[in-house]
Amino acid sequence: MVSAPLVGVLALQGDVREHRAVLEQQGARTVAVRRPEELAGVDGLVLPGGESTTIAKLADRWGLLGPLRAAVRGGLPAYGSCAGMILLANRLLDAPADQQTIGGLDVVVRRNAFGRQVDSFESEVEVAGLPGGPVHAVFIRAPWVEETGPGVQVLGRVSGGPADGRIVAVRQGDVVATSFHPELTGDTRMHRFFVDLLR
Ligand SMILES: NC(=O)CC[C@H](N)C(=O)O
C-alpha cells in the first residue's frame with residue numbers, strides 16, 4: 001500500500017505541467033522523466049498529450065524507448081492521454097511508417113482520427129468506473145481506438161455526432177488511455193482513478 005505513489009511523467013514534450021498538477025492534487029508525488037534513470041522507483045507512468053511523433057523521436061534519441069517499453073511490458077501501470085494513447089498503442093493507423101511506440105495496449109489507434117471539421121471539439125463521455133456522471137471530454141487533433149484485442153476493456157465511447165460510438169477510453173490491466181485530455185478541464189476523476197490503481 002503506497003499512500004503517496006510516485007508517478008513518472010514523460011517530460012519530453014506536451015502538457016507535462018498540467019498532468020503533474022492534477023496528479024499532485026490527487027496525493028501522488030511526481031517526477032519528470034527525461035532519462036532512463038528517472039524511471040527508477042516510480043509506481044506508475046503518465047504519458048502526456050502533445051505530438052506523438054515528436055515525443056517518440058525524442059524518446060528514441062534520449063535512449064528512453066527501450067526502458068519505457070521494458071517498464072510497461074514488465075507491468076508498470078501507465079496512463080496516456082491523446083498523444084499518450086498513441087504511444088501506448090501496439091499498432092497505429094495514419095502514422096508515418098517509421099513512427100515508433102512504447103506499446104503495451106493491444107489496440108489499433110488511428111491518429112488525428114476525427115478529421116478536419118472536428119479538429120478540436122468537446123463532448124460528454126460516460127466513462128466506466130468513474131462515478132458522478134459523464135466526463136466533459138476535450139479532444140484536440142485526437143486519436144480514437146479503431147480495434148481492441150481480447151484483453152482490452154472499452155471504458156468510453158463518443159455519443160452522438162459524426163463520431164458516434166467511437167472508442168475513446170480503454171484499459172488493459174493497469175494500462176489506461178483516453179483520446180481526450182482530462183488534465184485540461186479541472187475534472188480530476190480520471191487521474192484519481194489512475195492514482196487509486198497505484199495505491
Ligand atoms: N492533443 C494531442 O495529444 C494530439 C495528438 C497528435 N495529433 C499526435 O498525433 O500526436
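How many nonpolar, polar and charged residues does the shell around the ligand have? The points below start there and then turn to the rest of this predicted model.

1. **Ligand shell.** By class, the residues around the ligand divide into four nonpolar, four polar and three charged. Gly-49, Gly-50, Glu-51, Ser-52, Cys-82 and Ala-83 are among those that surround the ligand.

2. **Annotated site.** An unreviewed UniProt entry lists Gly-50, Glu-51, Ser-52, Arg-111, Ile-140 and Arg-141 under "binding site". These positions span 92 residues in sequence, yet no two of their C-alpha atoms are more than 12.7 Å apart, so they gather at one spot.

3. **Gly-50.** This residue sits in the loop that runs between β3 and α2 (52–61). Is Gly-50 buried or exposed? Gly-50 is buried: 21 other C-beta atoms lie within 10 Å, and the cut-off for a buried residue is 20 or more. Leaving out residues up to four places away in sequence, Gly-50 touches Gln-13, Gly-14, Asp-15, Ile-55 and Ala-83.

4. **Arg-111.** The loop between β6 (105–110) and β7 (120–125) holds Arg-111. Arg-111 counts as buried, with 21 C-beta neighbours inside 10 Å. Apart from neighbours within four places in sequence, Arg-111 is in contact with Ser-52, Ile-86, Leu-92, Asp-94, Ala-95 and Pro-143.

5. **Met-85.** Helix α4 (residues 83–88) contains Met-85. Met-85 counts as buried, with 29 C-beta neighbours inside 10 Å. Residues up to four places away in sequence aside, Met-85 touches Gly-80, Val-109, Pro-143, Ala-177, Thr-178 and Ser-179. Pro-143 is also a contact of Arg-111. Met-85 and Ala-32 are 53 residues apart in sequence, and their C-alpha atoms are 18 Å apart in space.

6. **Helix α5.** Which residues of α5 (residues 189–198) are buried? They are Met-190, His-191, Phe-194, Val-195 and Leu-198. They cover an arc of only 130 degrees around the axis, which puts them on the same side of α5. An α-helix has 3.6 residues a turn, so residues three or four places apart point the same way. The cover over the buried residues of α5 includes α1 (16–25), β3 (44–47), β4 (78–81), β8 (135–140) and β12 (175–178).

7. **Phe-121.** Strand β7 contains Phe-121. With 17 C-beta neighbours inside 10 Å, Phe-121 counts as partly exposed. His-19 is 102 residues from Phe-121 in sequence, and the two are 20 Å apart in space, C-alpha to C-alpha.

8. **Overall fold.** The protein has five helices and 12 strands. Its radius of gyration is 15 Å, close to the 16 Å that the globule rule gives for 199 residues, so the protein is as compact as a globular protein of that length. Taken along the principal axes, the C-alpha atoms fill a box of roughly 45 × 40 × 30 Å. Of the 199 residues, 47% count as buried. Among contacts between residues at least 6 apart in sequence, 67% join residues at least 24 apart.

Terms used. Residues are numbered from 1 along each chain as its sequence is written. This is a predicted model: local features need pLDDT of at least 70, side-chain atom pairs count only at pLDDT 80 or more; totals for chains, interfaces and linings use all residues. A residue is buried if 20 or more other C-beta atoms lie within 10 Å of its own, exposed if 12 or fewer, and partly exposed in between; C-beta atoms are placed from the backbone. Helices (H or I, at least four residues) and strands (E, at least two) are DSSP runs, numbered from the N terminus. The arc is that of the directions from the helix axis to the C-beta atoms. Two residues are in contact if their C-beta atoms, placed from the backbone, lie within 7 Å. A residue is near a molecule or strand if its C-beta atom, placed from the backbone, lies within 6 Å of it. Ala, Val, Leu, Ile, Met, Phe, Trp, Tyr, Cys and Pro count as nonpolar, Asp, Glu, Lys and Arg as charged, and the others, Gly among them, as polar. UniProt positions are given in the numbering used here, feature names are shortened, and annotations may be inferred rather than shown by experiment. The radius of gyration is taken over C-alpha atoms; the globule rule is 2.2 Å times the number of residues to the power 0.38.
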